[in-house]
Amino acid sequence: MEATPGTSKASAGITLLSPSPPKKRKELSLGHLSLREKQAILNMYKKILDDEPTLTTVKLVSKIAITLGVAKSTVYRIIKEYKSTKTVSTSKQCGGRPGMITLFDEATKNSIRRIVHGFFFSNEIPTLDKILNEIKNHQDLPQMSRSTLYKFMKQINFRYLKRNRKSVMIERDDIVRWRVDYLTSIKKFRSEGRPIYYLDETWLNEGHTKGKVWVDNNIKSKREAFIEGLSTGLKNPSGKGKRLIILHAGSEEGFVEDSLLVFEGKKSGDYHEEMNANVFEKWFVEFLRKLPDNAVIVMDNASYHSRKVESIPTTSTRKSDMKAWLQSKNIGYEENMVRSQLLHLIRQNKHKYNLYITDEMAKKENKVVLRLPPYHCELNPIEMIWAQVKNEVAGKNKTFKLKDVKELLIEALNNVTKVNWQKCVEHVIKEEEKMSTLDGIIDDLIEPLIISVNNMESDADTTDTDSSIN
């Protein structure tokens, strides 16, 4: 049988290419997601869930992963975090360098704050160059560039104004208000004769020792020291070593009896990571029973001091959960309200329910918690007590072993007297008096800048008005 001539393009010498398979969207290598990236994934999850409530989790996750170009495991992880905490948070390691503020301890942050306030007290504008020069004059402070100082100042809640090309570092308004409220409250409590107790956490490394010691520069080697019957100097610790986490409280009468909490830290980062709300609250409930009625407890605003009684809806909360929260508080709303309107209602009313567990615990025991403003540890006398205790341990630490360091710590704590506490409290009261005058000084210093700007705006408005009349 004769073959039928082919009519395909292939028979005409043309090679057909098979159709390309649909391209798979490349998954982004995001590493640790930022809060904004997590929020974007969460927002899409909520949107799809609202639009297609019957969609299975597997299909929903797959749809998000393909659309945004992220791994399914990442989507699952974010949904799991949201379901367990009702929110999402920034990853512990979010890519890039850590913020400058994480490289310095509280003492360094506080010292630089005090340098700025020193300029305020002398009614002198604190420019970056002046602050930097003061830092260079302090050997115990880390040296940094001008640009690094600028970033650091912003991270410890100073804001930046300009006047005739000079940089002026001014505290944020919310920090100023917090300080004013704190100073007003503590002064009122003292005038009422209420007992005031100060609590705080600190740490102690097994390698803790004096930073400076006498050294014999004539000894050049171990052999020379051996021949002359001398030593090569003090034994140095191999490193910081293990760490003790310490929590205690006291007043003008001294430490509160049987209130010391000491345990070995397991992490190498910031000691605040070792303490959590469960540990602190367990200690706090016992501590409250040791205090007289009407006592005032001063503490900072660390996260483990500040666990909320209930979770209040935020921008990441589902719309249905916002409505449920409003209903539970008997706050009226319209069914057709959008998310933005519901959030506005929540923000108007959340101050009534924005309560801390520790504050409520104290209230039940007829006591009150007073929180220090951020970066104002100079208003807590126990900071000076810690310095005294650590200095004593540093001078006596010979073995650099945790067990021995703990014994030295207990001994140093026992050596702190009622007089030591009274002197520290008296010093803090003087600091409070200085702080009370600070805001008036800042107002006098900054007001001309505001008036100048406002006058310029008024002049500009007047000029525009006049020209329009003509």
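This note walks through the salt bridges and cysteines of the structure above, point by point.

1. **Before you start.** This is a predicted model, in which local features need pLDDT of at least 70 and side-chain atom pairs count only at pLDDT 80 or more, while totals for chains, interfaces and linings use all residues. Residues are numbered from 1 along each chain as its sequence is written, and side-chain values use heavy atoms, with hydrogens and water left out.

2. **Salt bridges in total.** Side chains of opposite charge can pair when their charged atoms come close. The structure holds 21 salt bridges (a salt bridge is a side-chain nitrogen of Lys or Arg within 4 Å of a carboxyl oxygen of Asp or Glu). Three of these pairs are worth a visit in the points below.

3. **Lys63 and Glu52.** These two side chains form a salt bridge, with 2.7 Å from N to O. Lys63 sits in helix H2 (residues 57–68), and Glu52 in the loop between helix H1 (35–51) and H2, eleven residues apart. Helices here (H or I, at least four residues) and strands (E, at least two) are DSSP runs, numbered from the N terminus. Are the two partners buried or exposed? Lys63 is partly exposed, at 36% relative accessible area, and Glu52 is partly exposed at 31%. For these words, buried means under 20% relative accessible area, exposed means over 50%, and partly exposed is in between (1.4 Å probe, protein chains only).

4. **Glu431 and Arg114.** Here the salt bridge spans 3.3 Å from N to O. Glu431 belongs to helix H15 (residues 418–469) and Arg114 to helix H4 (residues 106–121), so the pair ties together parts that are 317 residues apart in sequence. Glu431 is buried, with 7% relative accessibility, whereas Arg114 is partly exposed at 35%. Which residues join them in a network? Arg114, Glu431 and Lys434 are linked by a network of salt bridges.

5. **Glu253 and Lys418.** The side chains of this pair meet in a salt bridge of 3.1 Å, N to O. Glu253 lies in the loop between strand S4 (243–251) and strand S5 (254–255), and Lys418 lies in helix H15, so the pair ties together parts that are 165 residues apart in sequence. Glu253 is exposed, at 56% relative accessible area, while Lys418 is partly exposed at 40%.

6. **Cysteines.** How many disulfides does the structure hold? The count is zero, where a disulfide is a pair of cysteine sulfur atoms within 2.5 Å. Cys377 counts as buried at 18% relative accessibility, and Cys424 is buried at 9%.
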